[in-house]
Amino acid sequence: MKIKFYGGAEEVGRLGIDIDMGPKSFLVDYGVIPEKPPLYPLPADPVNAIFITHSHLDHIGSLPIYYHDKQADFYATTMTANCMRPMLNDSLKVMNLEGYPERFSREDVDSLFTNYVPAKYDESFDIGNITITPYNAGHIAGSTMWKFEDRKSIMVTGDLYTEDTALLRGAKPVKTDTLIVESTYAGKHHEDRAEVKKRLRRRVQEVIEDGGKVILPSFAVGRTQELIMTLADLDYDISVDGMGNLITGIYMSDPQFLRSRKEFKKAVGRVRMVRGFRMREDAIKSDIIITTSGMLDGGPVLNYLQKIADDQKSAIFLTGYQVEGTNGRSLVETGRIKIAGATVKPQMQVEFFDLSGHAGHDDLVKFIKGCEPEKVILCHGDHREALIDDLEEFDLELPFNGKEFTV
Ligand SMILES: [Zn+2]
Ligand SMILES: [Zn+2]
C-alpha cells in the first residue's frame with residue numbers, strides 16, 4: 001500500500017494521512033495548525049472514505065475544505081462527530097474575527113455532516129474487501145484508533161493516551177502489521193499524573209485560602225471536563241465559561257465514552273455553567289474559573305484576566321501544551337500577554353501543571369511493542385528521532401509531508 005502525509009508528519013498538528021490500499025483509498029484526519037495565520041495541510045486527493053480520530057482542530061480543521069469540491073463518507077464515533085460541528089463553526093468565526101481568508105464555508109461544514117456514518121469502538125465493518133475496526137485511543141472522549149485490514153493490517157493511532165484518567169480509559173495495544181503512531185512526547189517524560197493532580201489541588205487551595213482566585217485557561221474538548229472532575233469536590237465556588245460548557249453538555253448526552261457517567265454527572269452538578277454576559281459579570285466573584293481559550297488567544301479567559309491581572313494573590317494555572325506564538329507561550333516565557341491589542345504584564349502568579357493527553361516517551365514505547373508491528377511509522381512529532389534507540393527492533397520510518405512511500 002502507498003502512504004502519503006499531507007501534514008502532521010514531522011510536526012505536531014494539521015495531521016492528514018492518505019492510505020492507498022489498492023482499489024480503495026482512505027484519508028485519516030485533515031487538520032490545521034491554528035497559528036496566526038493558520039497553517040493548512042497539502043491539498044488532498046479524492047478518496048473512497050474518510051476516518052476521523054478525534055475532534056481537536058489539528059485533526060479536523062481542514063476537513064470542510066475537502067468537501068468544498070469532493071464527496072466521501074466520513075466515519076467517526078458519535079462523540080467525535082457531535083463535538084466537531086461546534087469546533088468547526090467556531091473556527092470559521094475565529095477566521096472571520098482575525099481577518100484571515102475563509103478556506104471553507106458553512107455549506108462545506110453541512111456537506112461534511114450529510115456524509116457522516118457513525119462508528120462504534122470494537123465493531124468492525126467492511127469497505128470493499130477491507131475490514132475496518134475503530135478502537136479507543138484514550139486521548140479525549142470518543143478518540144479513535146483506526147485499523148484497516150485486508151491481507152496485511154495497518155493501524156493509525158491519532159493522538160494517544162494509554163493510562164486511565166479520572167474521565168477516560170487509556171488505549172490498549174492492538175496487534176497490527178504496520179503502526180502509524182503519534183510521537184508528540186518523544187524524548188519527554190510526564191510527571192506522574194496523580195501527583196500533578198494532588199499538587200494542582202493543593203496549590204488551588206493555597207491561593208484561595210490566601211484570598212486569591214484561580215483562573216484555569218482550558219481547551220473546550222477534554223481538558224475542561226477533566227478539570228471539572230479534578231476540582232469539583234473542593235469546597236469552593238467554581239464557574240465554567242466558554243465553549244467548554246457546550247462540549248460538557250455533549251459529554252453528558254453521550255456518556256458511553258466516559259469511565260463513569262455517575263461521577264462525571266456529580267462533578268458537573270457542582271460547578272456553575274456561565275451563560276451570557278450577566279452571569280459572566282457575576283462569575284468573576286468565583287474562587288475558581290475554568291474557561292477557554294486554553295492558550296489565552298481569545299475567548300472569555302481574556303475578560304477575566306483583564307479584571308484581575310493586577311491581583312498578586314490570584315493565579316493563572318496552565319495545564320495544557322502552549323504552542324509557539326500564542327499568548328500562553330508568551331506568558332510562560334516573558335510574563336506578558338496581549339489583550340485587545342495592548343501588551344499586559346499580569347501580576348498574578350503563573351504556574352504550569354502537566355496534564356497532557358499524550359502518552360509520554362516510555363508509554364509510547366510500551367504501547368508500540370504491545371502492538372507487535374513489523375513496521376512503525378512515527379508522525380505528529382517534532383522530535384521523533386528521540387524514539388529511534390528504543391525502537392531498534394522495528395522497521396522504522398520517519399516520513400515527511402508530501403513524500404509518498406510504500407509499505
Ligand atoms: Zn493532535
Ligand atoms: Zn488531540
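**Entry 1: D122**

I looked up D122 and found it exposed, with 9 other C-beta atoms within 10 Å. The cut-off for exposed is 12 or fewer, so D122 qualifies. I noted that this is a predicted model. D122 sits in the loop between β6 (116–118) and β7 (125–127). Next I checked its backbone. D122 is not a glycine, yet its phi is positive, at about 70°.

**Entry 2: R14**

I then turned to R14. Its phi is also positive, near 40°, and R14 is a residue other than glycine. I placed R14 in the loop between β1 (2–7) and β2 (16–21). Is R14 buried or exposed? I counted 29 other C-beta atoms within 10 Å, so R14 is buried. The cut-off for buried is 20 or more.

**Entry 3: the T292–S293 bond**

Which residues does a cis peptide bond join? I found T292 and S293, with omega about 0°. S293 belongs to the loop between β15 and α10 (301–308).

**Entry 4: helices α3 and α4**

I looked at how helix α3 (residues 78–98) meets helix α4 (residues 106–114). Their axes come within 10 Å. They cross at roughly 165°. That angle makes α3 roughly antiparallel to α4, because angles over 145 degrees count as such. The crossing of α3 past α4 is right-handed.

Which residues make the contact? On α3 I listed R85, L88, N89 and L92. On α4 I listed R106, V109 and F113. By class, the contact of α3 with α4 has four nonpolar residues, one polar and two charged. I kept a general point beside this list: an α-helix has 3.6 residues a turn, so residues three or four places apart point the same way.

**Entry 5: L200**

I moved on to L200, which lies in helix α5 (residues 193–209). L200 has 21 other C-beta atoms within 10 Å, so it is buried. What does L200 touch, leaving aside residues up to four places away in sequence? I found T230, F317 and F353. I followed up T230. L200 and T230 are 30 residues apart along the chain. Their C-alpha atoms are separated by 9.0 Å.

**Entry 6: helix α6**

T230 is one of the buried residues of α6, so I looked up the whole helix, which covers residues 223–231. How many of its nine residues are buried? I found nine of nine, and α6 is mostly covered. The buried set includes R223, Q225 and E226. L227, I228, M229 and L231 are among them too.

Last, I looked at how the protein chain is divided. Domain 1 is written as 2–188 + 357–406. Domain 2 spans 193–352. How far apart are the C-alpha centres of domain 1 and domain 2? They lie 28 Å apart.

I checked the contact between them as well. On the domain 1 side, 23 residues take part. On the domain 2 side, there are 19 residues. I sorted the domain 1 side by class. It has ten nonpolar, seven polar and six charged residues.

Terms used: Residues are numbered from 1 along each chain as its sequence is written. Chains are lettered from A and ligands numbered from 1 in the order in which they are written. This is a predicted model: local features need pLDDT of at least 70, side-chain atom pairs count only at pLDDT 80 or more; totals for chains, interfaces and linings use all residues. Domain bounds come from an automatic or database domain assignment. Two residues are in contact if their C-beta atoms, placed from the backbone, lie within 7 Å. Ala, Val, Leu, Ile, Met, Phe, Trp, Tyr, Cys and Pro count as nonpolar, Asp, Glu, Lys and Arg as charged, and the others, Gly among them, as polar. Axes are lines fitted to C-alpha atoms, for helices over the stretch in contact, and angles run from 0 to 180 degrees between N-to-C directions. Helices (H or I, at least four residues) and strands (E, at least two) are DSSP runs, numbered from the N terminus. Angles under 35 degrees count as roughly parallel, over 145 as roughly antiparallel, 65 to 115 as roughly perpendicular and the rest as oblique. A crossing is left-handed if the near helix is turned anticlockwise from the far one by less than a right angle, and right-handed if clockwise.
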